[in-house]
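Let's walk through a structure together, one chain at a time. Have the sequence and the 3D view ready.

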Amino acid sequence: MSDGPVIDLRGVTVRYGRFVALDDVTATSEGGAVGLLGPNGAGKSSLIKALLGLVPLAEGEAKVLGDDVRRQPDRLRRRLGYMPERDAAFPHLTGFQATWYAGRLAGMPDADARRRAHEVLLFAGLEEARYRDVSTYSTGMRQRVKLAQALVHDPDLLFLDEPTNGLDPKGRDEMLALIKTLSRAKGIHVVLSSHLLRDVEDVCGSVLVMRHGKMVKHETIEGLRKATDDAFSVLLRGDGEAFKLACERRGMAVRPRKGTEVEVHVPRGTGARDVFGAALESGTVVHKLVPTRVSLEEALLDVLGRDD
Amino acid sequence: MVVHDRSYSRWDGDRTGKVPGAWVILDRGVMTGLAVLFKRKIFAVLLTLWAFGPFVAAVLIMYAVFYFRSTPELAEIARNMSDVLRLVTPTPDTLWGYLVNLQLPVVFMLCVLVGSGLIAEDRRTNALELYLSRPLGRFQYVTGKLAVIGFFLSLVTVVPAVIIVLVWMALGATSADELASLSGLIVKAVEAGAVQVLVMSLLILAASSLAKRARNATILFVGFLVVSEIILHGILFEVLGNPSVHLVSILYDVRQCAAWLLDNPAELDPDVPALHCAVVLLGWVVLWSGVILRRVRPVEVVA
């Protein structure tokens, strides 16, 4: 495996006709589990497809695992696994045949592809259903067989495009557990594209945030949270409206929660002392003040909002 | 009780891919094609009889005549069978008839049953994304699919034709000159059959690449042949009366080229040069190849 960055993008631009899907994207990732975040149409899937060599780069240079996407696509794809967002299956094949076939197409010898197909189907939890036609599978099983197909040739880097799409909560947790095992215990680099921020939060150590085809931010999950405002959950007694006005004068935002409880977002450089100051000024009493964990969703909204 | 290790294990085998992707597609495609053909047993048996009946009959007649000739008390029967033998003895004329007339309905059936879904089904199930995210280019993918339909069509045209010639070489050839002539006939049969197989394979693959269901690909395939053979060819020839109109008929072009390649002047239409037919077929081949390669993409750009 290459010692350099796992993903190295320099000025990558992808166009579909006149539409610019990726606009001068520059980013580097050292590997591990990386989340690809952004609203619909941000360019997440286009980025994955560009890295797989499925769509041509109009400009720029992209290296994955040290290989140039344009110059060595076949060599590179032998080391990549891809689980597409759309429902995708080889027609007329059972789960085992489809996984074995995916391995053969990836360049595996026949016997190894057969053995690995059984192994990864077992890992994906499809041992009972592996001899059934994939067209008879439920949505969750189809997601699992897509994962098995992406894993059969033991890739060094796995691209997962919305892997929990259509799964029930239990199936979603199981899928995320499988992905976590791959990235944390088995040393496979993972790029996880998802619009479900909790999925990314559960699995990934860092995120690439995209918007309108541009790379807006590359940050660790904790860094992204830290980069946003702190927040406190405050239980009040007294005039809530006066407290809100006092907070706003200090540059803090107040969002109502249950009953007399509010959430106060404080900008960087301010803190709990300012919350108490606002309470004093408005003649209200703070009964409880607890720092709240900023969710990745809020952090992301903050990043996307600032760059708007 | 067997305890399975459910955890993921790494694999450090050889990923260099000794077997080309097109071969893997051919291998799997043939198995899938056979599964489709043998889905209904009675239908499969009837199709097999239809496809190989004339071939088996020809071989049996040749063998029977050879056997009767070598048995003095049955020699009379062999003499009586000489007319039948003439129909199956491999000559440019009989091979031309076998390839482009007798087997044509079987070729159509196989195109529809096996070929129509080759790309269309992959497009319907979004499998193209799975194929092309592997170390496999569009050209390899198309080559693999072409090989699948080519295999089935060759199996009912070129292969039996060559076997018929080989059987006759073993049983009926009486001189070195005749053996040499029959060897040449094998090459000619392969060439003529290859033209037919390539043209029909590319046509059904082009139709398949334009559709998202096998049924729709069949409609396109049949529709194209109806338009080119009946509407354009038939009506235009009636109206204009110009022999050059024959060029719009793909089946006519295939027949002319086959007659030319088999060196069979009896079936060669003197009004239209075979070279013109070959050029027209080449044009179709280039056009259909372009259509297929254009439609086989991992990403569909809608806007």
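The paragraphs below start with chain A and then turn to chain B.

This is a predicted model, in which local features need pLDDT of at least 70, side-chain atom pairs count only at pLDDT 80 or more, and totals for chains, interfaces and linings use all residues. Residues are numbered from 1 along each chain as its sequence is written, chains are lettered from A and ligands numbered from 1 in the order in which they are written, and side-chain values use heavy atoms, with hydrogens and water left out.

In chain A, look for an open sheet of four strands in the order β2-β1-β4-β5, paired antiparallel. Strands (E, at least two residues) and helices (H or I, at least four) are DSSP runs numbered from the N terminus, and two strands pair if DSSP finds at least two bridges between them. At the edges sit β2 (19-29) and β5 (67-68) of chain A, each pairing on one side only. Further in, β1 (residues 7-16) and β4 (residues 59-64) of chain A share five bridges, and A:Thr13 stands opposite A:Glu59 in β4(A).

Now turn to chain B, which has 14 helices and zero strands. Its C-alpha atoms fill a box of roughly 75 × 70 × 35 Å along the principal axes. Of the 303 residues in chain B, 46% are buried, meaning under 20% relative accessible area with a 1.4 Å probe, counting protein chains only. Among contacts in chain B with a separation of 6 or more, 73% join residues 24 or more positions apart; a contact means heavy atoms within 4.5 Å.

Notes: Buried < 20%, exposed > 50% of the residue type's maximum accessible area, 1.4 Å probe, protein only.
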